[in-house]
Amino acid sequence: MIVNVKEIVERKKNDLKDRVKKLEKNGIVPKLAIIKASDDKASEVYIGKKRNLCKEIGVAEEEYIFDENVSQKDIISTIQKLNNDLSVHGILVQLPLFKHLNENYVLDALEPKKDVDGLTKLNFGKLVTGEKGIIPCTPKGILTILQSLDVDISGKNVTVVGRSILVGKPASLLMLSKGATVTVCHSKTENLKEHTKNADILIVAVGHPGLITKDMVKKDATVIDVGITRTDDGIKGDVDTFEVDKLAKYVTPVPGGVRTYYRSFFNRKCNRNC
Ligand code: NAP
């Protein structure tokens, strides 16, 4: 079955709207600050989507846009001001940054409790140690989809194809923390099919359209396609969706599946105990 992710997203949005209303009753208007320091066109689109989502669910949002003359010191000092501003609950640094800026250095200036993307070393470390922290948005979205479908994770074989810091690695750690037996594959993996075919849950985050074909999937598996590639024929995922659908229990579509802009803004405790 091709999963109707839009339905899951709508349910999640309604849940977030309710949570915002509850906060408002206690005099708290959640606020997200977004920092952009690049001329990346895709980032503009992503920020626009986040802006609209905030508006829709009632979260206040403000943007700090820097041009190419910005120094690392300027960005860090803005982050520090936002870290100390009690009216700001979440800070999101839109990646990529201008080439002269060091992403690791900038991200590590974030107060971990306000790091809505879960990219500071502290939040990433908590994923490793199994402590409660903020989970990066794409793995969190994958977990939300699996939970919405009532797919068991504990004790199951999960294969993750891709080992990036943004998707593959945190998704693997998250699945491990949920009791799965996890295999991580990448460009050096020999005989990829042997690993994908063994998976009850197959998560693919590579960026190679059509990499995963029907013969590489176990019958009744759940297949989560994270890949997004723009081609002359439109946006494509990594999975041959319609063929795989004949064999799998669930497969997520692309486009309309796992979304980049769906942030884990509420996946944390507010720093004012809200
Ligand atoms: P990335 O940093 O380029 O990582 C790609 C991973 O795929 C690497 O670990 C790489 O292995 C592995 N790989 C490459 N070729 C392979 C092959 N033939 N077989 C097995 N593994 C292979 O990309 P990313 O940031 O993780 O993103 C992956 C895809 O997901 C992209 O299409 C991106 O646009 C999309 N994405 C989607 C969302 C969403 O919300 N839907 C969010 C983020 C990204 P090595 O490590 O060995 O190089």
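Mentor: Let's start with a definition: two strands pair if DSSP finds at least two bridges between them. Helices (H or I, at least four residues) and strands (E, at least two) are DSSP runs, numbered from the N terminus. This is a predicted model, where local features need pLDDT of at least 70, side-chain atom pairs count only at pLDDT 80 or more, and totals for chains, interfaces and linings use all residues. Residues are numbered from 1 along each chain as its sequence is written, and side-chain values use heavy atoms, leaving out hydrogens and water.

Trainee: How many bridges join strand β1 to β2?

Mentor: Six, and β1 (residues 31-36) and β2 run parallel. Isoleucine 34 has glutamate 63 of β2 opposite it.

Trainee: What order do the strands of the open sheet have?

Mentor: The three strands are ordered β2-β1-β3, with parallel pairing. β2 (60-65) and β3 (90-94) are at the edges with a single partner strand each, so one side of each has no neighbour in the sheet.

Trainee: And how do I read two packed helices?

Mentor: They are described by the angle between their axes and the distance between the axes. Axes are lines fitted to C-alpha atoms, for helices over the stretch in contact, and angles run from 0 to 180 degrees between N-to-C directions. Here, the axes of α1 (residues 5-25) and α6 (residues 137-148) come within 11 Å and cross at roughly 100 degrees. That makes α1 roughly perpendicular to α6 (angles under 35 degrees count as roughly parallel, over 145 as roughly antiparallel, 65 to 115 as roughly perpendicular and the rest as oblique).

Trainee: Which residues make the contact?

Mentor: Val5, Ile8, Arg11 and Lys12 of α1 meet Thr144, Ile145 and Ser148 of α6, where contact means heavy atoms within 4.5 Å.
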